[in-house]
Protein chains: 2
Amino acid sequence: MARLDADPERHNDPLYRRRHSLAHVLAQAVLELRPGSKLGFGPPVDTGFYYDFLFEAPLEERELAEIERRMRRILKRGVRFEREELTVADAVRRLDEIEQPFKVEYARDLESTLGVEQISFYRSGDFIDMCEGPHVESTREIPRDSFRLDSLAGAYWRGDERNPMMTRIYGLAFESKAALEEFVRKRELARERDHRKLGAELEIFAISDEIGRGLPLWLPNGTVLRDELEQLAREEEFRAGYQRVSTPHIAKADLYRTSGHLPYYTESMYPPMQLDDEEAYYLKPMNCPHHHTIFAARPRSYRELPLRLAEYGDVYRYEKSGQLAGLLRVRGMRMNDAHIYCTLEQAREEFAAVIDMHKKYYDMFRLTEFWMRLSLHSPDQEKFVTAEERWVFAEQLVREVLAQMQVPFEERVGEAAFYGPKVDYQVTNVVGREETASTGQLDFIASERFNLEYVARDGSRQRPWIIHRAPLGTHERFVSFLLEHFGGFFPTWLAPLQVVLIPVSMGERFVEYGRKLQRVLHDDLLRARFDDSPDSFGKKIRNAETHKVPNLFILGQKEIDSGAVTWRRHGQREHQPFLPFTAAHQALRTLRERRLMDNFEDVDVPAWSGGDA
Amino acid sequence: MARLDADPERHNDPLYRRRHSLAHVLAQAVLELRPGSKLGFGPPVDTGFYYDFLFEAPLEERELAEIERRMRRILKRGVRFEREELTVADAVRRLDEIEQPFKVEYARDLESTLGVEQISFYRSGDFIDMCEGPHVESTREIPRDSFRLDSLAGAYWRGDERNPMMTRIYGLAFESKAALEEFVRKRELARERDHRKLGAELEIFAISDEIGRGLPLWLPNGTVLRDELEQLAREEEFRAGYQRVSTPHIAKADLYRTSGHLPYYTESMYPPMQLDDEEAYYLKPMNCPHHHTIFAARPRSYRELPLRLAEYGDVYRYEKSGQLAGLLRVRGMRMNDAHIYCTLEQAREEFAAVIDMHKKYYDMFRLTEFWMRLSLHSPDQEKFVTAEERWVFAEQLVREVLAQMQVPFEERVGEAAFYGPKVDYQVTNVVGREETASTGQLDFIASERFNLEYVARDGSRQRPWIIHRAPLGTHERFVSFLLEHFGGFFPTWLAPLQVVLIPVSMGERFVEYGRKLQRVLHDDLLRARFDDSPDSFGKKIRNAETHKVPNLFILGQKEIDSGAVTWRRHGQREHQPFLPFTAAHQALRTLRERRLMDNFEDVDVPAWSGGDA
């Protein structure tokens, strides 16, 4: 987590000041309880604060409660923070007096390496600390229930393993008790829903040392998720006038010289495959050059534009092995990619349609929190030197589209791609994880590099503008994001196993009935399983719950007699008893075809409501 | 084409003798017409025969008719073939007499390089040729209408460009006039339907020098074919109890050492990607090792078997660039792959199910001619040394399954894969091209190499048997095969463009009606286009025909008034007038859903018959 103090602008943030002050209050409480403890650093962080201590005797986790109690007492007292400035010599003298050798070392360092002459201190009651500030005026400003001590960790003084190991006490602090509790709840949810944990439990993916790090093997359950997402994208893109293409995973070095990936992107690419009699081949790190080659494969007319080429394309990027983590940082990924080749006049409408498609997906997946980061060029950076007027034009176009569509967005100067302004689609899921779900660009450079052109209505040759887009991002990131969002409990249309049929007993008639129903559903391409294991009825129910199967069909004597099932939904006690099987079957079809989010409580499962299917 | 004379067993084939004799008759006729011509070689080939000549004046194509006439006259005369043997010295003397210097050179060569002492000649009437035979007894045996002269070509004497360029006359010869005509018809069809020609005309694929040879880019129309085939396989495999997986395109060298690809298959693999701090990575030439890794990813129980892992997997093989051709010889391919892990007892049933799936596809695509080549081990070849009893067991199992299923098959000793017996599924399409559509194996070696095991019912650890299968082969071969089979005129469910709506005029009402109908079909994921180009009505019809669109909806005044369309089928004059649009729409859905082969005349298009849809 980035430290807030790395960003001077946020010093004005009231929450920053509270967190910073809480770090001091923590140190004060610790010194009350453990006089003689030595202090290290104690900054605010973006979930609260911490302070590093060197204790004479180890601190036990259970002592945190006592420290916390003392902190609340200090807050209640309404201690005021007062700043004073000392010369370095005076500062060192004072720190020597209060026997804080680490602080002395740091003060001397500030002088010798940064040439600091004055050092500020903050006094709060009988506690004093060398500190830049800022702080609250009085500890009364901090609601006593808006913080809590969180955990202990070991940390070397100044992060250097040759230095003494100190004890770090972490605290959480938010605007209010409610905000604190919300954070704790989401963090707990996020831990339970960690995609690596769920990915293993639900058999979504595996990573094998024999194959290679960062190269997930998608197991059957994970492949269902991929296939369903691809089918969704395929249908949406078909309706939106895209055409799918399919391109190889490698290309000759020359293609990447044309694109500029060589040499600028070489470090992120796998090394070349060097053939004796031919040029070297590279694994593709992006799909764009292949798509541009298809655009250029024959003469194009304005009548074909906008030409929208889509491919769920596999790309490979060489990430350092230390950075690899589950599905979040990988070396091979499959991307919901497309490139839209259009005229200058069409660019606005096309860009708006792309944003619309993003919004449609977010609505569908109940991702209600999103915003967009618009990265712009900076005229004084060398990589942006060319075509200033086109930069200005493209940026204004994107800005207007975003504003017009009332999408919340922030601008960032100097962070554009080298070929045009960039939009990052930032989405937050229910566990509070914010993710760049995808990135889109408006590109006016590639058509020159690849010499792409079309014949305009007036017969002249023109360069197309290109929109890069990937609303569902990569499978790797998006599935990990959805795993956490749904906690592995997917809606029926996405669920690897959509329904389990559970017989009340393993009598012959039950088995026969269960197998028959399973076959009907399975032949209709529904992912249905009949649990004919020797487990008990109760165990079967629990197994289905553990695997987070959204629908359970219970088969008892009465169900068999009336050709029905009793439908239970995952995690819900209520059930729909004795629903005719044909109606249950039809309801499953409806859940699949409409891609209903039936794992959200506000969605009527067709069967419950009598079904309009 | 392989020359028949490379295969001594076929010398007994009567057709071989006829063709060989026709070559002599050709030379005889040429010498009548052009006395003094010098003779080169004149062998039979597998569609007829040829003879090479050195003429004093160039031969014109139109002279072939005269030569052919003279040949027929010779046949009619009933000339007898008589063999005699001469010493080399006598042979040279005779060839000198008849002034055939190339033959002299060859006779001397036979002596000096092969140590031949006797040389045979065949005399037929007043023509005599140095020749090994065999021949017909009399030219009367050859029906005069069973051959024809076909074409002229240049050919260096003995194939060496330092030698004189001779003129080669090709002739076709078959059992009968009917067989000859059938061959000519199919050859003409094959030329028209050459997948490279159709692939370009219909924009199925393109190959780009910038990307690399043998690496097709699949254009939108080709990608539709791939997607539809994959969807077909996905549904069939789901119903047959397969589970899909998805694996990366690369793996560490170690995986291929385990599999045995390194070093035995190195030449067919792309060179390694060598990383500084890690092992080398290879592009995968096969999917098996990745699937085996998934099998081994966790302990397996007999309860999970048969475990059928399927993946339309991309593999890369380094073919020499001289061998690359269209989609037939490529370096990157996508394979309808799967591996079935099963117990010894399950192997028979699983193998039979695999053959059944092949047959189902062949029926579906109207591929009526097929047979299977069963490749067996040979106990005296080193690569088969191990596990003789398992070889015998596995081969007997496959043989029994094939016999039981009444599939025509031939056995080939010594051609098995090194890990088990192999079945090649040989299929012939309507243009007569026979193709190894796919290859399957019964593998009892891989589970040892990869240390694969499952816990059996009795608690013991057992090695699974593995079936490799790929009924639809690779997209590259299968699509090229289907392109020729259908001549680019695909059934509705496969057709890149399924229906074109053609208005009789471009009046406002027509355009409005056409766009509305197109939108309804398109929203239902039907590939429909409304032709609103400025072309004339007739031109629009011709365009749709050229693009081999299977269905045309004609929109006239009467159609608009009654909410109907007039349905025309590709290449057919009859049409279904004034069909209500909703019925036409439903008929298209039925063609798609049932995957009807509506491009075959014997298939009722639902709309024509009133539709049971």
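Begin by selecting helices α11 (residues 347-364) and α12 (residues 388-404) of chain B in this predicted model, whose axes come within 10 Å and cross at roughly 45 degrees. Axes are lines fitted to C-alpha atoms over the stretch in contact, with angles running from 0 to 180 degrees between N-to-C directions. The helices are DSSP runs (H or I, at least four residues), numbered from the N terminus. α11(B) and α12(B) are oblique to each other, a class left after under 35 degrees (roughly parallel), over 145 (roughly antiparallel) and 65 to 115 (roughly perpendicular). Their crossing is right-handed, the near helix being turned clockwise from the far one by less than a right angle.

Next, display the side chains between them. B:Ala347, B:Arg348, B:Phe351, B:Ala352 and B:Ile355 of α11(B) meet B:Leu397, B:Val398, B:Glu400, B:Val401 and B:Leu402 of α12(B) (heavy atoms within 4.5 Å). These residues comprise 8 nonpolar, no polar and 2 charged, where Arg and Glu count as charged and Ala, Val, Leu, Ile and Phe as nonpolar.

Then move to chain A and select A:Cys288 and A:Cys342. The structure holds 0 disulfides over all chains, a disulfide being a pair of cysteine sulfur atoms within 2.5 Å. For A:Cys288, the nearest cysteine sulfur is that of A:Cys342, 15 Å away. A:Cys288 is buried at 10% relative accessibility, and A:Cys342 is buried at 0% (under 20% relative accessible area, 1.4 Å probe, protein chains only).

Residues are numbered from 1 along each chain as its sequence is written, and chains are lettered from A in the order in which they are written. Local features need pLDDT of at least 70, side-chain atom pairs count only at pLDDT 80 or more, and totals for chains, interfaces and linings use all residues, while side-chain values use heavy atoms, without hydrogens and water.

Definitions and conventions: Buried means under 20% relative accessible area, exposed over 50%, partly exposed in between (1.4 Å probe, protein chains only). Helices (H or I, at least four residues) and strands (E, at least two) are DSSP runs, numbered from the N terminus.
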